Each structure stands twice: as C-alpha cells, then as structure tokens.
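Here is a short report on one protein chain. It starts with the overall fold, then turns to one helix and to the charged pairs.

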Amino acid sequence: MNIRFKSAMHRKNFTGFISPKNANYYSNRSEFVAAVFLLSADKFLWERSKSAITRYSVNFGLIDLSGISTEGYALYKAARAVYNGDSDISLSELCDWTLIDDPTTLTIFTGVMLLRNGVRMLKRRT
C-alpha cells in the first residue's frame, strides 16, 4: 500500500515534520509516525496540534478541540488511539457516512497501515 495523503497540504505538513531520513529513534516509532500523519491531515487540527508535538512524543491533553469539525475530531480520536494503543474509535463510527466522509476514513485507514508498517512505508514510491 502506498501512502495516500488527504490533500497536498496534508503531504506538506506531514513530510515537513517527519522525514524518512530522520535517524531519531523516537520519530521513527510507528505509533508516533501514524499519530502525526493523522493529526496533520486536517488544517485546523494541525494548527492546534503542532505545539503538543515534539520530535519524540504527542501530548494529546494539550490539544484544544473547541470548534473542531467532525472529521477533525475523528482524526484526533484515531491519532490518540494508535498512539496509545487504545480502541477509542469504533468501526461503526468509521463506517457511518453521515459522521465521517470517505477521504477522512481512508486517511484513518492509512494511519493504521503506518502504525503496522512504520516509516518503511514512507520509503516506497507513490
């Protein structure tokens, strides 16, 4: 599976923060890469999240969610779930097209694939 970004802005935000050449162990952890991928998919969520992300961790408690869209909240919940190893978002929520649009659902599935495969997915040609 190739990395599929939600938009050109998503690609720019994510690749600007996570580099496949980064030798830092913590930024190569698959749960960290997946969480940053998901948080960077929504412009509003990314602006709120940047101050909560260091080169090695995400502090979800520092992210202000007031005024966030339903899709942004789903991305946040999915990022928190993959980072902490929780099951905070249900399959029924992901499959409910009235709650989450298709591009967001595909982005969440790509985030899960990043969790499973880590940074080696970034080295594949798209």
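## Overall fold

Take the contacts in the chain between residues at least 6 apart in sequence: 61% of them join residues at least 24 apart. The model is predicted. The chain has 6 helices and 0 strands. From the N terminus on, its elements run α-α-α-α-α-α.

Of the 126 residues, 44% count as buried. The accessible surface of the chain comes to about 6,900 Å². Carbon and sulfur atoms account for 52% of that surface.

## Helix 2 and its cover

Helix 2 is mostly covered, with 9 of its 10 residues buried. The buried residues are Ser 30, Phe 32, Val 33, Ala 34, Ala 35, Val 36, Phe 37, Leu 38 and Leu 39. Glu 31 counts as partly exposed, at 23% relative accessibility.

What covers the buried residues of helix 2? The cover includes helix 1 (8-17), helix 3 (43-49), helix 4 and helix 6 (102-117).

## Helix 2 against helix 4

Two packed helices are described by the angle between their axes and the distance between the axes. Helix 2 (residues 30-39) and helix 4 (residues 70-84) pack at about 175 degrees, and their axes lie 8 Å apart. An angle over 145 degrees counts as roughly antiparallel, so helix 2 and helix 4 are roughly antiparallel to each other.

Helix 2 makes this contact through Glu 31, Phe 32, Ala 34, Ala 35, Leu 38 and Leu 39. Helix 4 contributes Leu 75, Tyr 76, Ala 78, Ala 79, Val 82 and Tyr 83. The contact residues divide into 11 nonpolar, no polar and 1 charged.

## Salt bridges

Side chains of opposite charge can pair when their charged atoms come close. How many salt bridges does a search of the whole structure find? It finds 3.

Glu 31 forms a salt bridge with Arg 29, and their closest N and O atoms are 2.8 Å apart. Arg 29 is buried, with a relative accessible area of 16%. Lys 50 and Glu 47 also meet in a salt bridge, at 3.2 Å from N to O. Lys 50 is partly exposed at 39% relative accessibility, and Glu 47 is partly exposed at 47%.

Arg 48 forms a salt bridge with Asp 64, with the closest N and O atoms 3.2 Å apart. Arg 48 lies in helix 3 and Asp 64 in the loop between helix 3 and helix 4, so the pair ties together parts that are 16 residues apart in sequence. Arg 48 is partly exposed, with a relative accessible area of 22%. Asp 64 counts as partly exposed, at 40% relative accessibility.

Definitions and conventions: Residues are numbered from 1 along each chain as its sequence is written. This is a predicted model: local features need pLDDT of at least 70, side-chain atom pairs count only at pLDDT 80 or more; totals for chains, interfaces and linings use all residues. Side-chain values use heavy atoms; hydrogens and water are left out. Axes are lines fitted to C-alpha atoms, for helices over the stretch in contact, and angles run from 0 to 180 degrees between N-to-C directions. Helices (H or I, at least four residues) and strands (E, at least two) are DSSP runs, numbered from the N terminus. Angles under 35 degrees count as roughly parallel, over 145 as roughly antiparallel, 65 to 115 as roughly perpendicular and the rest as oblique. Contact means heavy atoms within 4.5 Å. Ala, Val, Leu, Ile, Met, Phe, Trp, Tyr, Cys and Pro count as nonpolar, Asp, Glu, Lys and Arg as charged, and the others, Gly among them, as polar. Buried means under 20% relative accessible area, exposed over 50%, partly exposed in between (1.4 Å probe, protein chains only). Accessible areas come from the Shrake-Rupley method with a 1.4 Å probe; for residues, only the protein chains shown count as cover. A salt bridge is a side-chain nitrogen of Lys or Arg within 4 Å of a carboxyl oxygen of Asp or Glu.
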